[in-house]
Amino acid sequence: MNNDDDSKVKKKLFNFDFIKKFKKPELIIIAVLLVIIVLSFAFTNIKKKQVKVLPNKVTTDSIKNLASLEEFTRYTENRIVNVLSSMSGVSNVEVFVVAESGVILTIAEETDEKVTGTGNNTSKTISKRPVLNKNGSITEEIVLVEKVPKILGILVVANGASNMRIKLGIINALSTVFDMDANHIEVLEGKAK
């Protein structure tokens, strides 16, 4: 290709002769520039909505039945007493449970993200709020995951625990149910009542 061919290609690529047909070509150029500016602002101000999951520790009044760590441990202790009392050879069961922390909930949160500006001159604003479920006159946060406290240790005092078979049965049952090592479970013989 020689220089004449290059200049012909450039003339064809950058041929703005169609603009000369209009009486005021400056207005078309200005209109095109305005459209480009408006579109650039429109795309930078798009509002994005997402639902993200963020863990939150919840206070005692957030859970219906197990409102506090104390209530959770009392509930767990009563369940253990009821189950162990139904075992053959076990009676007068007392249980003490130690748990790590209160109930932890994962709440659904809606995140609004707004980006404004163009190029290197942009700013991002993020606002978060819980996703709410309205049921009649009651509005509640949507709970995605409810994690009960980790049990650190269990003490069982029961009549019949001096029998090694019964003692091992209690330890195995509790370690299986609570997925914990047997060394975190202590079983002692109770006083005769």
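Reader: Which residues have the most contacts inside the largest nonpolar core?

Author: In soluble globular proteins, nonpolar side chains tend to be buried together. A nonpolar core is a set of buried Ala, Val, Leu, Ile, Met, Phe, Trp, Tyr and Cys residues joined through side-chain atoms within 4.5 Å; buried means under 20% relative accessible area, exposed over 50%, partly exposed in between (1.4 Å probe, protein chains only). Here the largest such core has 20 residues, and Ile-154, Val-156 and Ile-170 have the most contacts inside it. Helix H4 (69-85), S2, S8, helix H5 (164-177) and strand S9 (185-189) each give two or more residues to this core. Helices (H or I, at least four residues) and strands (E, at least two) are DSSP runs, numbered from the N terminus.

This is a predicted model, in which local features need pLDDT of at least 70 and side-chain atom pairs count only at pLDDT 80 or more, while totals for chains, interfaces and linings use all residues. Residues are numbered from 1 along each chain as its sequence is written, and side-chain values use heavy atoms, with hydrogens and water left out.

Reader: What does Ile-154 touch?

Author: Contact means heavy atoms within 4.5 Å. Not counting residues up to four places away in sequence, the residues touched by Ile-154 include Ile-80, Val-95, Phe-96, Leu-174 and Ile-185. Phe-96 lies in strand S2 and is partly exposed, with a relative accessible area of 48%.

Reader: How do strands S5 and S6 pair?

Author: Two strands pair if DSSP finds at least two bridges between them. S5 (residues 132-135) and S6 (residues 138-141) are antiparallel, over four bridges. Lys-134 has Thr-139 in S6 as its bridge partner. Two residues stand between the strands of this hairpin, where Gly-136 takes a positive phi near 70°.
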